[in-house]
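Please open the structure and follow along.

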Amino acid sequence: MSRAKRKIDHIHHAIQTGQHRLHGLDDIQFVHNSLPDKSVKDVQLNTKIGELSLSSPIFINAMTGGGGLETEEINRSLARVSSACNLAMAVGSQMAAIKNEEEEKTYRVVRQENPTGIILANLGSEATVDQAKRAVDMLEANGMQIHLNVIQELVMPEGDRDFTGALKRIEQIVNALDVPVIAKEVGFGMSAAAATKLKEVGVSIIDVGGYGGTNFSKIENERRENHFHFFNDWGISTAASLAEVSQSVGGISIIGSGGIQTAMDVAKSLALGASATGLAGRLLSVLMDSGIEAVIEEVLELHEELRFIMVALGTGSISELQQVPLVITGKTYDWLCQRPVS
Ligand code: FNR
């Protein structure tokens, strides 16, 4: 099957399978504050991940890549949303364009539509330094996402079977690029141990990409006969991953992603220690169902609702929101009880 066809298949399957609330964020409760002493008009949503300043803690996470006209159209649409709402945006894996220059236009359209915004390049951990430099140059990108997708590769019959050397390659990319590198999971969550290793090789931003939203094991399994169902429930939930990485790994910026749909999901992720949240499947679903204007409307609503939640908690900034008390219950509590905090 061609890479382009596979990507389009992903899009349609992701929309159908990725919108369940399995991310563990429903285990997190805020403690109501009757005296918030704050005004909605004073709430600031700007934040920082590593050295990158974002005007919103919500960004469009990596989706689609190298899929010809349809993915070019989706990239253009998402870039219009990112420009209209002043959101950062990551593109999907650029490996198709690294291997075939004709595909470059399906990515460059993002920079054309959003000439001044924060755009993140994207490649997998198999990428070389040279490929990473080309991916950044292609978009004049402000940062480079390196995705870690071991489970997706294992589930695909044509996927990788050798995962040696990834950390070394990431270290070389970190040292060679003059933009920050974001190491990201793609829906199976990041452990504190993995995050620590990435930090030790110089990664300054980690996207936990937790279990509970888009599920590439389910997506790949549904498309073929030889099912690897045992990976369908595999992974660290977004809530558990955020909690363990933020408790154990200092000195990095954390991104919360994996099943984020609502302003409450965003607020809880930030309160668990994230500095920003990435939305993929949810925004793609709205785009495919209802178009660009609906996605813009959705983002505006998310921002307004987030401001209301922040005021109710007595917080006027993302850094204040990161400090509010939380009560953690259910599976997320059980997970954290059994995980050492170093
Ligand atoms: C993705 N995702 C992804 N990630 C990445 O780093 N490179 C990629 O090329 C892609 N491609 C891709 C295609 C489609 C159709 C979807 C829905 C997602 C993964 C994405 O960035 C994110 O990590 C996961 O989807 C989990 O977030 P959500 O979808 O649950 O919000």
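How far is an oxygen atom of the ligand from a polar backbone atom of A62? The distance is 2.7 Å, in a model that is predicted.

| Residue (polar backbone atom) | Distance to a ligand oxygen atom |
|---|---|
| A62 | 2.7 Å |
| G259 | 2.7 Å |
| A280 | 3.1 Å |

The protein covers 97% of the 610 Å² of accessible area that the ligand has on its own (Shrake-Rupley method, 1.4 Å probe).

This predicted model needs pLDDT of at least 70 for local features and 80 or more for side-chain atom pairs, while totals for chains, interfaces and linings use all residues. Residues are numbered from 1 along each chain as its sequence is written, and side-chain values use heavy atoms, without hydrogens and water.

Now for the shell as a whole. There are 22 residues around the ligand, and A62, S93, T214, G259 and G281 come nearest (near means a heavy atom within 4 Å). By class, eight are nonpolar, 11 polar and three charged, with Gly counted as polar.

Which element gives the most to this shell? It is α1, with three residues. Helix α1 (3-17), β8 (181-185) and α12 (281-290) each supply at least two; helices are DSSP runs of H or I with at least four residues, and strands are runs of E with at least two.

Finally, an unreviewed UniProt entry places "binding site" at R6, K7 and Q152; such annotations may be inferred rather than shown by experiment. Q152 lies in helix α6 (residues 150-155), and Q152 counts as buried because its relative accessibility is 7%, under the 20% limit (1.4 Å probe, protein chains only).

Notes. Polar contact = N/O pair within 3.5 Å; in protein donor to acceptor, adjacent residues only side chain to side chain. Buried < 20%, exposed > 50% of the residue type's maximum accessible area, 1.4 Å probe, protein only.
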